[in-house]
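Please look through the structure shown here slowly, from one part to the next, with the text beside it as a guide.

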Amino acid sequence: MIEEAVKYCTDRSYVDDERYTERFVENSTHKGLSKRQIEGKMFQKGVDRDLVEQAIEDSDYDEHAAAEAYARKKRIGKFRRENRNDFIQKDLASLARRGFSYEICSKLIDGDIDDDPNPTF
């Protein structure tokens, strides 16, 4: 009975891993998800790794923008209002745990990424 239900849904394109993965990747920049997080979440859902990698490659996903979205949301790094020097290690650790590279983390902490008072996301 379960197999019939799955076949019914698949035949009618109710279940489409490719389309789901493309939409998930498109929204990931705004959510502040790193490439590693995207891959991990899709793996947990049972989506093929090659399909995820292809969706990331084909999309306009930008890991710098995703890291900046996360930093802005959490007010860390260059978006921290308090004395940033007191929180450098904590902010680096927070970004690293999210799966962002050291290069991206250090740019956000140092404030090398341009501040845009009116972000597009």
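Glu26 and Arg23 both belong to helix 2, where they stand 3 residues apart, about one turn of the helix. An α-helix has 3.6 residues a turn, so residues three or four places apart point the same way. In this model, which is a predicted one, the side chains of Glu26 and Arg23 meet in a salt bridge, with 3.5 Å from N to O. Glu26 counts as partly exposed because its relative accessibility is 41%, and Arg23 is likewise partly exposed, since its relative accessible area is 42%.

Lys7 has a relative accessible area of 51%, and because the cut-off for exposed is over 50%, Lys7 counts as exposed. Helix 1, which covers residues 2-11, also holds Tyr8, a residue that is partly exposed because its relative accessibility is 42%. Together with Tyr14 and Val15, Tyr8 makes a nonpolar surface patch of about 330 Å².

How many salt bridges does the structure hold? There are 7 of them, and one joins the side chains of Asp91 and Arg80 at 2.6 Å, N to O. Asp91 sits in helix 6 (residues 88-97), whereas Arg80 is in the loop between helix 5 (63-74) and helix 6, so this pair ties together parts that are 11 residues apart in sequence. Both Asp91 and Arg80 are buried.

Helix 3 (residues 35-44) brings the reader to another set of buried residues, namely Gln37, Ile38, Glu39 and Met42. Just after helix 3 comes Gly46, which takes a positive phi of about 85 degrees.

The last stop is helix 7 (residues 102-110), where Ser106 is found. Is Ser106 buried or exposed? Ser106 is buried, because its relative accessible area is 16% and buried means under 20%. A polar atom of the Ser106 side chain lies 3.0 Å from the backbone oxygen of Glu103.

Key
Residues are numbered from 1 along each chain as its sequence is written. This is a predicted model: local features need pLDDT of at least 70, side-chain atom pairs count only at pLDDT 80 or more; totals for chains, interfaces and linings use all residues. Side-chain values use heavy atoms; hydrogens and water are left out. Patches are made of residues with over 30% relative accessible area and no salt bridge: like charges are joined within 9 Å, nonpolar side chains (Val, Leu, Ile, Met, Phe, Trp, Tyr) within 5 Å. Accessible areas come from the Shrake-Rupley method with a 1.4 Å probe; for residues, only the protein chains shown count as cover. A salt bridge is a side-chain nitrogen of Lys or Arg within 4 Å of a carboxyl oxygen of Asp or Glu. Helices (H or I, at least four residues) and strands (E, at least two) are DSSP runs, numbered from the N terminus. Buried means under 20% relative accessible area, exposed over 50%, partly exposed in between (1.4 Å probe, protein chains only). A polar contact is a pair of N or O atoms within 3.5 Å; within protein, one must be able to donate a hydrogen and the other to accept it, and residues adjacent in sequence count only if both atoms are side-chain atoms.
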